[in-house]
Amino acid sequence: MLWEEMCQGARIRHLEALMALRPIEARSILVPDGYLYCIRSADLWEAEPYTLETRLSVTEMVIQHARRIGAPGVGMVVQGVTPEQEPEGLFLRPALLTTVMGLDEWDQWRFEISQRVNLAPDQVTAFGPVVRLSSLGHAGAWMPDVSSMFHHDWPEVVWRQSDVG
């Protein structure tokens, strides 16, 4: 499997998570906090949901399993925060974060997507994603993702309470 295919798979999982993102007021307590993936091939990503309480143990389990079966990588999609510099100072804002880490021949390769989101009680708005490719210990620069998968007019409302029911 080529590295580009793993990155494209990350974009697919990121968009799926983005479309399912809800503000805390509209979330079910049964919805996991994020997903870890064992990447077996470009099309086969084994999902392992986790909660904040189980993230560390699930991460270790997924990485050990991936190494044991010779998987080329592991991935993670999580709702987190991203720093934003504004005139008043540095602020942490809600974001959807996706990471792919290579294993074996792709060891030391990493692909990241960070997408700022606004989680208002009545709607979720997404802003344009940025990506970073790091390899062999060299962190790449964050750049707007111009892939056809993310070709949208940003910002975009991805969920609205009034559309439910």
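Reader: What does V100 touch, leaving out residues up to four places away in sequence?
Author: This is a predicted model, to begin with. In it, V100 touches W3, M6, A10, I39, W45, V74, G75, W109, R110 and F111.

Reader: Which residues touch the most other members of the largest nonpolar core?
Author: V100 is one of them, along with W3, M6, L18, W45 and F111. That core has 24 residues.

Reader: Which elements give two or more residues to this core?
Author: Two of them are α1 and β1. The others are β4 (89-102), β5 (109-120), β6 (123-126) and β9. The largest share, seven residues, comes from α1.

Reader: Where do nonpolar side chains tend to go in general?
Author: In soluble globular proteins, they tend to be buried together.

Reader: What is in the second core?
Author: The second core is separate and has 10 residues, including V58, V62, A71 and V78.

Reader: How does the lining split by class?
Author: It has 10 nonpolar, five charged and two polar residues.

Reader: Now D145. Where is it found?
Author: D145 sits in the loop between β8 and β9.

Reader: Is D145 buried or exposed?
Author: D145 counts as buried because its relative accessibility is 8%, and the cut-off for buried is under 20%.

Reader: What does the D145 side chain pair with in a polar contact?
Author: The side chain of R11, at 2.9 Å. Beyond four places in sequence, D145 touches R11, P129, V130, V131 and F150.

Reader: And W154, where does that lie?
Author: W154 lies in the loop between β8 (143-144) and β9 (156-160). W154 has a relative accessible area of 26%, so it is partly exposed.

Reader: What does W154 touch, again not counting residues up to four places away?
Author: The list for W154 is Q115, A126, F127, G128 and P129.

Reader: Last one. What separates the C-alpha atoms of W154 and I113?
Author: A distance of 16 Å, with the two residues 41 apart along the chain.

Conventions: Residues numbered from 1 in each chain as written. Predicted model: local features only at pLDDT ≥ 70, side-chain atom pairs only at ≥ 80, totals over all residues. Heavy atoms only, no water. Helix = DSSP H or I, 4+ residues; strand = E, 2+ residues; numbered from the N terminus. Buried < 20%, exposed > 50% of the residue type's maximum accessible area, 1.4 Å probe, protein only. Contact = heavy atoms within 4.5 Å. Nonpolar A, V, L, I, M, F, W, Y, C, P; charged D, E, K, R; others polar. Polar contact = N/O pair within 3.5 Å; in protein donor to acceptor, adjacent residues only side chain to side chain. Core = buried A, V, L, I, M, F, W, Y, C linked by side-chain atoms within 4.5 Å.
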